Protein chains: 2
Amino acid sequence: MTVAQTDNDTNGERIGAAAHAEVEHPSSAVVRFGADRPLDLDSGGKLSPVQIAYQTYGTLNAARSNAILVCHALTGDQHVANEHPVTGKPGWWSLMIGPGRPIDTDLYFVICSNVLGGCMGSTGPASINPQTGKPYALDLPVITVRDMVRAQAMLLDHLGIETLFAATGGSMGGMQVLQWAASFPDRLFAAIPIATGSRHSSQNIAFHEVGRQAILADPDWCGGSYLEAGKNPHKGLAVARMAAHITYMSDEALHRKFGRSLQDRDALTFGFDADFQIESYLRHQGMTFVDRFDANAYLYMTRAMDYFDLALDYDGQLAKAFAGCHTRFCCVSFTSDWLFPTAENRTIVHALNAAGANVSFVEVETDRGHDAFLLDEPELFTTVTGFLKAAARIRGLS
Amino acid sequence: MTVAQTDNDTNGERIGAAAHAEVEHPSSAVVRFGADRPLDLDSGGKLSPVQIAYQTYGTLNAARSNAILVCHALTGDQHVANEHPVTGKPGWWSLMIGPGRPIDTDLYFVICSNVLGGCMGSTGPASINPQTGKPYALDLPVITVRDMVRAQAMLLDHLGIETLFAATGGSMGGMQVLQWAASFPDRLFAAIPIATGSRHSSQNIAFHEVGRQAILADPDWCGGSYLEAGKNPHKGLAVARMAAHITYMSDEALHRKFGRSLQDRDALTFGFDADFQIESYLRHQGMTFVDRFDANAYLYMTRAMDYFDLALDYDGQLAKAFAGCHTRFCCVSFTSDWLFPTAENRTIVHALNAAGANVSFVEVETDRGHDAFLLDEPELFTTVTGFLKAAARIRGLS
């Protein structure tokens, strides 16, 4: 293993220059697995070299038993509790993670790595393919959630952590948590999958397909080779983000937050400008997203979620995925989440029960939709705090 | 008034040639209002000339009292119960309208006109602007639902119909029905607004904005002047259609119809082809739509829906819109419709009750989502049949 030192030009014509710099030279710690440690992929091949960028918070105890792996969602990254190097914003789960927070960095050693296929320093489609000296683009094999988890396990090996105290994450992060329990049950003491599903639904695949088609429709996508061409399909990516963003919020929350309020005007303009606040908000979401995210990485991330169907590897029986698993589970859903509705989360709970696993389930009452897992939701925080405290006692961490 | 005779080239580079031919020379009857009969627009100006293309079915009785106006939805048109001249498919409501059908053409004279701003023969952005000799494109003023209804009233004047026996329609069609009751209460005996709302919600505006941005992001949109440039933003329009199409179906129906089934393959391909049936289905929806619809018309139609907020003209009090209205109402919603959920329809019913109007309300149990109003839904048909029969008796039509 060697730390990445590949040189790479960046310019503002691609993704934001600051974001593109993160691809090869991330602001995070990096481990690079060389030819001696290729990664087996679900698609059949092997990937090598593999670079993983990660952040840690808190201190690993002497017994190496207090590590919590945080798995990020579709467009998240490893900057979970520190200022983001590109946007300058607080980490995406800084309400959840820190000293005295539910995931208390005074007690736990928190690790978050950029997923395989991402664009913040772990090997992804914007990374340089050593065989060509050019970005992989679509030459990177399609990555699955299981591939992401395999890469995380390699990172833990590198860090000398045999068993995780816990793994947690929402949405695609929750899928990784479930995959961890299925693939490495002996390495996982506790698990908190949040607002997720054991498989991506037809409706969810549909929304992702709209996003992908928006990117593919952008002539600046250049068949995927936009980096090489010095272009950036930012318009297509922005449309993809806008469509997805609607699914992260509930109808009620949109009504409460925006309703039909007008944006900086007293009357309708009878045109196609952003008359309504919701239009202006969505456009802003699209525009800021393209400054920090890579269009091909978006294709790979959405595909990984679409392909996720945990039961498929177990004769279609989800309970079998958790057979003999001693991990303690706390599943969380949100009442107004229509992307991963409570029913999808309950399916996981039922399977865990059928497998005789130790599982608790909390449905948090909120009108904030899927994104609630990222927001200030006291019931979520209380749940995570209580579950981890009890698990830590049993694990002998207190 | 004169019938349109403007000549206009068509070619396959634009919208489908057959579709484009419909803009100026529709397969329907046409009335053209000249400078003597301009149309007042909500945006402030007047539109002239105005062409309205329409279909009729059945026979107008001697008392001219058996006319039913059918109002079409966003991407519908006047071909409600006849073979579509472009697609060759049956009319979009041929299950509802015909001899012996709920809207029985043996009893009623059914009229359906292409809405103002459309692209099937009524004046819209693809129509020739007589002042320039070129398509209006974005020079056409933004059209509102009330403008559409004013144009329909002009058509009824032309046909010598003072009072409609009934008006009906789903979605944007339902908005027109509500506007009819508010604008011309004395010209409307009965009304059946289906799967609609008195205003477009924030979430609905958001989905429309995604569609518009997808069109605007297509370089072939050419700032709206694609017809003049001999181009067609079909990629952007297809993405817009795909996003919208998801909102027309319920999560349950998608699960039942497609689930995670693969399209013509036994295993995942680990690529970005349409592995899943739902992807293939959505792509097909996008591709076939662009053959029959004009991108600018899509912008105008979505804007008209977004702008709709009936209460706004009545001090924000919806009940005032129906004050003193003698129209008999039958409101219909569908349990799985999340675009215009039952709650939105119930708001209309509450306002009608508050106004002392005669109103009945049926929530149809179905898992087919918003599109249920177009499908074979026996409870919908029974409801419409029964309501119209009772109303006809009171109206003395039997």
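In the predicted model, C222(A) is placed in the loop between α4 and α5 (226-229) of chain A. The phi angle of C222(A) is near 55°, a positive value in a residue other than glycine. With 16 other C-beta atoms within 10 Å, C222(A) is classed as partly exposed. In chain B, a positive phi of about 50° is found at A137(B), which is likewise not a glycine. A137(B) belongs to the loop between β10 (134-135) and α2 (145-159) of chain B. A137(B) has 22 other C-beta atoms within 10 Å and is therefore buried. For context, most residues other than glycine have a negative phi, and most peptide bonds are trans.

Cis peptide bonds were also identified. In chain A, the bond from S48(A) to P49(A) is cis, with omega near -5°. P49(A) sits in the loop between β3 (46-47) and β4 (50-57) of chain A. In chain B, S48(B) and P49(B) are joined by a cis peptide bond with omega of about -5°, and P49(B) sits in the loop between β3 (46-47) and β4 (50-57) of chain B.

The relation between the chains was examined next. In the interface, 42 residues of chain B are in contact with 42 residues of chain A. On the side of chain B that touches chain A, the elements giving two or more residues are α4 (202-216), α6 (234-248), α7 (251-257), α8 (277-290) and α9 (295-307) of chain B. The largest share of this side, 10 residues, is supplied by α4(B). By class, the side of chain B that touches chain A consists of 23 nonpolar, nine polar and 10 charged residues. Of the interface residues of chain B, 100% are also interface residues in chain A, so the copies meet through the same surface.

Helix packing within chain A was then described for two pairs. Two packed helices are described by the angle between their axes and the distance between the axes. For helix α4 (residues 202-217) and helix α6 (residues 234-248) of chain A, the axes come within 7 Å and cross at roughly 165°. This angle makes α4(A) roughly antiparallel to α6(A), and the crossing of α4(A) past α6(A) is right-handed. The residues of α4(A) in this contact are F207(A), V210(A), G211(A), A214(A), I215(A) and A217(A). They meet G236(A), L237(A), V239(A), A240(A), A243(A), A244(A) and T247(A) of α6(A). The contact of α4(A) with α6(A) comprises 10 nonpolar and three polar residues, with no charged residue.

In the second pair, the axes of helix α2 (residues 145-159) and helix α3 (residues 172-183) of chain A come within 9 Å and cross at roughly 70°. α2(A) and α3(A) are therefore roughly perpendicular to each other, and their crossing is right-handed. From α2(A), the contact involves V145(A), R146(A), M148(A) and V149(A). From α3(A), the contact involves M175(A), Q176(A), Q179(A), W180(A) and S183(A). Five nonpolar, three polar and one charged residue make up the contact of α2(A) with α3(A).

In helix α1 (residues 17-24) of chain A, the residues A19(A), H20(A), E22(A), V23(A) and E24(A) are buried. The cover over the buried residues of α1(A) includes β9 (128-129) of chain A. L380(A) lies in helix α12 (residues 378-395) of chain A. L380(A) counts as buried because 25 C-beta neighbours lie inside 10 Å, against a threshold of 20 or more. Apart from neighbours within four places in sequence, L380(A) is in contact with V332(A), V364(A) and F373(A). L380(A) and V50(A) are 330 residues apart along the chain, and their C-alpha atoms are separated by 35 Å.

Definitions and conventions
Residues numbered from 1 in each chain as written. Chains lettered and ligands numbered in written order. Predicted model: local features only at pLDDT ≥ 70, side-chain atom pairs only at ≥ 80, totals over all residues. Contact = placed C-beta atoms within 7 Å. Axes fitted to C-alpha atoms, helices over the stretch in contact; angles between N-to-C directions. Helix = DSSP H or I, 4+ residues; strand = E, 2+ residues; numbered from the N terminus. Parallel < 35°, antiparallel > 145°, perpendicular 65-115°, else oblique. Left-handed = near helix turned anticlockwise from the far one by under 90°. Nonpolar A, V, L, I, M, F, W, Y, C, P; charged D, E, K, R; others polar. Buried ≥ 20, exposed ≤ 12 C-beta atoms within 10 Å, placed from the backbone.
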